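Subject: Structure handover

Hello,

Here is the structure for you to look through. My notes on it follow below.

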Amino acid sequence: MTAPQPKPWIMGIAPYIPGRSTTDDGRKVAKLSSNENPLGTSPAARDAFASAAGELERYPDASGAIVRETIAATYDLDPARIIYGNGSDEVLHLAAGTFAGPGDEVIFVHYGFAVYEIAARRVGATPVIAPDKDYATDVDAVLACVTERTRIVYIANPNNPTGTFAPRDEIARLHAGLPGHVLLVLDHAYAEYLDAGEEDGGMALAKTAANVLVTRTFSKIFGLAAERIGWGYAHADIIEAMHRIRLPFSMTIAGQRAAVAALGDQAFVNHTRAHNARWRAWFSDEIGKLGNAGLRAVPSKANFVLVLFEGDVTAEQAYRGLMEKGYIVRWLPGQGLANGLRITIGTEDETRGVAQALRELVGAA
Ligand SMILES: *Cc1c(COP(=O)(O)O)cnc(C)c1O
């Protein structure tokens, strides 16, 4: 029987598995599996979102002008060089779709963000995985992977699922070591969680270099994951090329208004950052106290902590045990992390609760 045949590189893609929100038996419990904002969304953004309810028959502004202008004013950027997408996931895909194809190579790090491999394979390019250095990005290993076929290097900084961070001098060294034909994509989904002055310098590079794309999102600290809004910043020639394959209306009217209002409520952003920093430090310390049981927290600069299980209790046992106790976290065997759980920093109650549940599971409580 003949049937339409998917391209072979499409069948090479392992489907993306999103964070779960219910247990195996369907109970709705604390969701610490998708790095969402436990404090919700800015009230101003909710109101702005609701204001669009009477305009459902209208197409949104395809250029997203109000969002690009507000982003530009907030971060001192040129609005013409901002491209938005249906989440920054779309922007990451646009980069691969514009700059890579069959025969080309796309580099990302071991324990990198799952979307990079999908984006590379989708366009028929060959994924190249650079070895990590104790779960963190190893710039020398990335540079050693570069060939004349390399088209893109994707680096999430801070990285997901490890939470690790490559500081400014390392990113500068990476950029300096890349040939001009390679696009460096710096995924800043968690950049807002960094302390002031801790930034990796990626945006400054995107402003001046011809081969750097920085991506950002409203899904994490701004608490707008449901609306799917991300954006990218690069040289005008890069943005102009990517626009050719962009979906024209992927940012809704409600989403555009919510994003503008969210940018205007920096108090909410600062409050979230402070909450996250406090409870991330507390939670990492608590994990440190379980070192005798083989638990270890990978140092994180993001809104989650990767906990490694190197003792008698395995990550899988802890994953199932936490689910029983009412906490869904992320176990990532498909990404080579069968020994770890990525746990989002939740509310104070959730964070205390998941720490206590882990203590009980390893017999330390
Ligand atoms: C969450 C996340 C994104 C953002 O995804 P959106 O499509 O903007 O919701 C991008 N990169 C990384 C590394 C992430 O963890």
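**Between the two domains**

The rule finds two salt bridges across the interface of domain 1 and domain 2. A salt bridge here is a side-chain nitrogen of Lys or Arg within 4 Å of a carboxyl oxygen of Asp or Glu. R296 pairs with D134 in a salt bridge, with the closest N and O atoms 3.5 Å apart.

Before the rest, the ground rules. This is a predicted model, in which local features need pLDDT of at least 70 and side-chain atom pairs count only at pLDDT 80 or more, while totals for chains, interfaces and linings use all residues. Residues are numbered from 1 along each chain as its sequence is written, and side-chain values use heavy atoms, with hydrogens and water left out.

Domain 1 covers 8-40 + 267-362, and domain 2 covers 43-265. The bounds come from an automatic or database domain assignment. The domain centres, taken over C-alpha atoms, are 24 Å apart.

Contact across the boundary (heavy atoms within 4.5 Å) involves 33 residues of domain 1 and 31 residues of domain 2. The two domains bury about 2,800 Å² between them, with 61% of it on carbon and sulfur atoms. Y16, K301 and Q335 supply 21% of the area that domain 1 buries against domain 2, more than any other three residues. Buried area is the accessible area (1.4 Å probe) that two parts lose on being put together, summed over both.

The rule also finds 14 residue pairs in polar contact across this interface, both residues at pLDDT 80 or more. A polar contact is a pair of N or O atoms within 3.5 Å; within protein, one must be able to donate a hydrogen and the other to accept it, and residues adjacent in sequence count only if both atoms are side-chain atoms.

Which elements of domain 1 each supply at least two residues of the side that touches domain 2? They are helix 1 (8-11), helix 11 (266-288), strand 10 (304-309) and strand 13 (337-344). Helix 11 gives the most, with seven residues. Helices (H or I, at least four residues) and strands (E, at least two) are DSSP runs, numbered from the N terminus. By class, this side of domain 1 has 16 nonpolar, 12 polar and five charged residues. Ala, Val, Leu, Ile, Met, Phe, Trp, Tyr, Cys and Pro count as nonpolar, Asp, Glu, Lys and Arg as charged, and the others, Gly among them, as polar.

**Around the ligand**

There are 13 residues around the ligand, and D187, Y190, T217, S219 and K220 come nearest. The cut-off is a heavy atom within 4 Å. Y190 has a polar side-chain atom 2.6 Å from an oxygen atom of the ligand. For T217 the distance is 2.6 Å, again from a polar side-chain atom to a ligand oxygen. For K220, a polar side-chain atom lies 3.2 Å from an oxygen atom of the ligand.

**Backbone points**

Most residues other than glycine have a negative phi, and most peptide bonds are trans. N157 and P158 are joined by a cis peptide bond, omega about -5°. N160 and P161 are also joined by a cis bond, omega about 15°. P158 sits in the loop between strand 5 (150-156) and helix 7 (168-177), and P161 lies in the loop between strand 5 and helix 7. Y111 has a positive phi, near 65°. Y111 lies in the loop between strand 3 (105-109) and helix 5 (114-122).

Regards
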